[in-house]
Amino acid sequence: MSAATNAANDFLLGRRSFCRVSATIAGGLIVSLHLDLPVHAQEAGQATPAPTVYPPDAFVQIRPDGKVLVKVNRLEFGQGVQTSLPMILADEMDADWSQVIAELAPAAEVYKDPIYGFQMVGSSSSIKHSFQQYRELGARTRAMLVAAAAQQWDVSPPQCRTEASVVHGPGGQSARYAELAEAAAKQPLPATVSLKNPSQFRLVGRRVRRLDSRSKCDGSLKFGLDLDLPGMQTAVVARPPVFGARVKRFDDEGARRIAGVRDVFEIPLARGTGVAVVADRFWAAKQARDRLKVDWDLSALERPDSALLWAKYKTLASMPGKVAASRGDDKKIEAFAAPTRIVAEYEFPYLAHAPMEPLNTTIRFDGDRAEAWAGSQFQTADQAAIAEVLGLRPEQVTFHTEMAGGGFGRRATPDSHVAREAAAIAKRSPGTPVKLVWTREDDVQGGYYRPMHVHRVEIGVGPNGTPLAWRHVIVGQSITAGTPFEAIIVKDGVDSTAVEGAADTQYDIPNFHVSAHHPTVNVPVLWWRSVGHAHSAFVMETLVDELATRAQADPIAYRRKLLKPDAKKLRAALDLLDRRSARWRSTLAAGHAAGIACHECFGTAVACAVDVSIENERPRIHRVTIAVDLGLAVNSLGVESQFQAGVAFGLTQLMAKGAITLKDGRVEQRNFDGFTPPYIVDAPIAVDVHIAPSSEAPSGGGEPPVPVISPAVVNALARLTGKRCRSLPLVTV
């Protein structure tokens with residue numbers, strides 16, 4: 001670990017206090033870590049929250065059979081956090097990895113993100129924010145076990161050592177953690193704890209197979225949608241055809257004739273109202289919904305239309321917006337005229353998240369308490385929303401975090417609309433668990449989406465082929481306006497999620513100006529995996545590639561030359577990519593071309609090279625080489641998987657049917673026949689991932705793979721066709 005990292009860790013430690021709530025339950029040791037000063041609150045100048053007494057069932061349990069249960073304070077939805085966080089804790093604890101099991105934690109104070117101050121998954125922050133937290137938990141648990149053994153053997157703790165869930169004494173004594181658990185629970189929590197030197201890691205930094213692989217492969221793992229409680233009923237909702245429409249009247253006679261239908265009633269939605277149908281099983285509920293006759297009030301509603309929106313956005317893009325970044329002379333671009341001035345306009349449509357597991361939430365309301373089950377990225381917010389709808393306090397709602405089948409941002413909704421709908425439905429049937437299901441059609445047609453964007457860029461090119469002036473206007477809805485995140489993310493009228501990847505570029509351009517317009521449109525929008533970076537990186541990396549081609553320069557060398565002096569991670573990624581891809585890039589078959597892109601986001605730098613040909617007017621991706629610098633890689637096998645999957649997901653915006661369009665206020669796509677994600681035939685034949693060695697603190701790997709793949713592919717296509725792609729999706733080549 002670097003000196004800088006240690007300094008940061010000391011800083012964090014100094015701002016925390018720890019209190020242990022320990023107990024023996026069935027002979028086990030339970031340790032709870034209390035972070036009483038959320039860093040974000042201090043940085044925002046907010047009052048320090050009052051100390052809270054936490055329940056004992058927190059992070060670690062050593063069972064009598066030797067199993068070590070680690071609670072994971074994040075949602076697992078494919079990113080591998082259910083393995084990597086236990087690895088960190090088990091390493092510091094010196095636990096026997098073969099005996100470690102993991103469990104998703106419920107919503108609770110103790111499981112909140114130590115930086116953000118609420119329980120969540122997003123921004124590739126799980127490992128980044130909890131690395132230190134889980135190390136300390138493991139080290140403190142180990143210290144208590146050692147103290148218990150030393151007391152039994154009448155020796156000092158430093159005379160003992162640990163390995164594979166066993167404490168060894170100086171006289172040849174040994175005791176398993178399970179044998180020491182009860183005595184360890186009575187030990188005082190150490191005020192200070194020494195963490196391992198990274199050279200002593202036995203798990204962290206290794207290739208470790210995921211704890212949930214087997215159950216996912218054999219189908220035994222249960223997701224939220226699989227939940228089946230005694231007496232449970234299933235609900236679906238008839239939703240407005242235009243966002244915000246309200247029910248004028250409805251005829252449920254046909255619906256109620258379906259066997260198994262229990263109730264049909266109107267409910268409030270985040271936008272407008274809908275009609276809920278509750279039945280014994282999903283199919284009965286869906287059939288009944290299909291027979292509903294609903295008369296909608298569409299008056300006074302904006303009916304957005306994609307064609308009209310494009311025209312409006314392009315007009316806005318021709319004018320400067322609110323300033324997001326500015327350095328040098330913002331008028332310098334005016335000094336350039338053709339042929340040294342490039343003017344480029346880009347179009348990005350609305351995109352759906354379309355996770356494989358449809359959205360769902362199950363709630364049982366018992367009058368003065370409720371129990372909820374959901375695969376949520378925002379447990380704290382969803383728990384509070386359910387409580388509000390049911391007239392309860394959050395602590396009266398037991399919120400179980402369920403395994404989720406993908407999310408890509410869709411399960412992180414600031415308005416908690418799915419949780420609120422489920423609560424409104426459950427409120428009608430006290431004592432009965434009710435599972436609300438958003439069908440694929442509900443999700444594709446009912447929002448929320450990555451906003452559509454137009455980028456307009458003007459570049460003044462210097463005599464050496466590098467950009468001397470760059471004026472960039474971005475038009476797109478604000479994701480956070482009107483949400484609790486607005487105060488944090490929107491500054492001077494600019495939503496930073498819309499301009500990230502451009503305003504904070506790592507390229508050193510002397511006269512650089514980025515501005516934004518955020519039109520208000522009657523379409524619900526949400527962060528999509530990698531958020532603004534996905535479209536901004538496409539613009540930056542295709543234009544930089546165009547500049548490199550114009551300068552007749554090697555695309556990797558050109559990028560390295562253009563980077564800021566302190567772009568250390570991105571330079572390391574490019575260097576590694578160059579070494580790992582040079583051979584195959586120099587021996588490409590006829591009809592093939594290589595494309596390059598690089599980008600840094602969420603603290604992780606990624607460089608990408610692709611081998612592409614054209615088949616049936618579509619790109620065929622033969623090979624992808626990824627080089628990444630994300631600091632210390634906790635589980636290099638997990639990082640490799642994350643990047644392979646992220647590359648496939650990032651191709652979504654290139655798919656011929658990868659757009660959500662609106663006509664007269666209605667979404668024109670309904671399911672995967674109209675909004676098509678990448679299929680196996682579209683995926684790269686091979687993806688090799690190389691991780692730059694690093695002792696820096698870890699950053700994340702969930703979002704950073706996405707932005708680089710689509711610009712790398714179209715840069716390769718530009719070499720094959722001579723044409724530059726500026727509008728997505730890529731319908732034909």
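Begin by selecting residues 1-28 of this predicted model, a stretch over which pLDDT stays under 50 and for which the model has 67 contacts beyond four places in sequence. Next select residues 30-57, where the pLDDT is again below 50 and where the model shows 66 contacts beyond near neighbours in sequence. Where pLDDT is low, the predicted coordinates should not be read in detail. For the protein as a whole, the mean pLDDT is 92, and 92% of the residues reach 70 or more.

Now show the entire chain, in which there are 19 helices and 32 strands. The radius of gyration is 27 Å, close to the 27 Å that the globule rule gives for 733 residues, so the protein is as compact as a globular protein of that length.

From here, turn to a pair of helices by selecting α4 (residues 126-153) together with α5 (residues 177-185), whose axes come within 8 Å and cross at roughly 90°.

The next stop is an open sheet of seven strands, which can be followed in the order β11-β12-β9-β20-β17-β18-β19 and which has mixed pairing. At its edges stand β11 (261-268) and β19 (397-401), each with a single partner strand, so one side of each is left without a neighbour in the sheet. Neighbouring strands of this sheet are turned against each other by 20° on average, if direction is ignored.

Within the sheet, select strand β17 (residues 360-365) and strand β18 (residues 370-374), which run antiparallel and are joined by five bridges. Here T361 can be found standing opposite A374 in β18.

Helix α10 (residues 379-390) touches β17, β18 and β19, and its direction makes about 145° with that of β19. Helix α11 (residues 417-426) touches β9 (233-238), β11, β12 (273-279), β17 and β20 (434-437), while its direction makes about 35° with that of β17.

Terms used:
Residues are numbered from 1 along each chain as its sequence is written. This is a predicted model: local features need pLDDT of at least 70, side-chain atom pairs count only at pLDDT 80 or more; totals for chains, interfaces and linings use all residues. Side-chain values use heavy atoms; hydrogens and water are left out. Two strands pair if DSSP finds at least two bridges between them. Helices (H or I, at least four residues) and strands (E, at least two) are DSSP runs, numbered from the N terminus. Axes are lines fitted to C-alpha atoms, for helices over the stretch in contact, and angles run from 0 to 180 degrees between N-to-C directions. Contact means heavy atoms within 4.5 Å. pLDDT is the predictor's confidence in each residue, from 0 to 100. The radius of gyration is taken over C-alpha atoms; the globule rule is 2.2 Å times the number of residues to the power 0.38.
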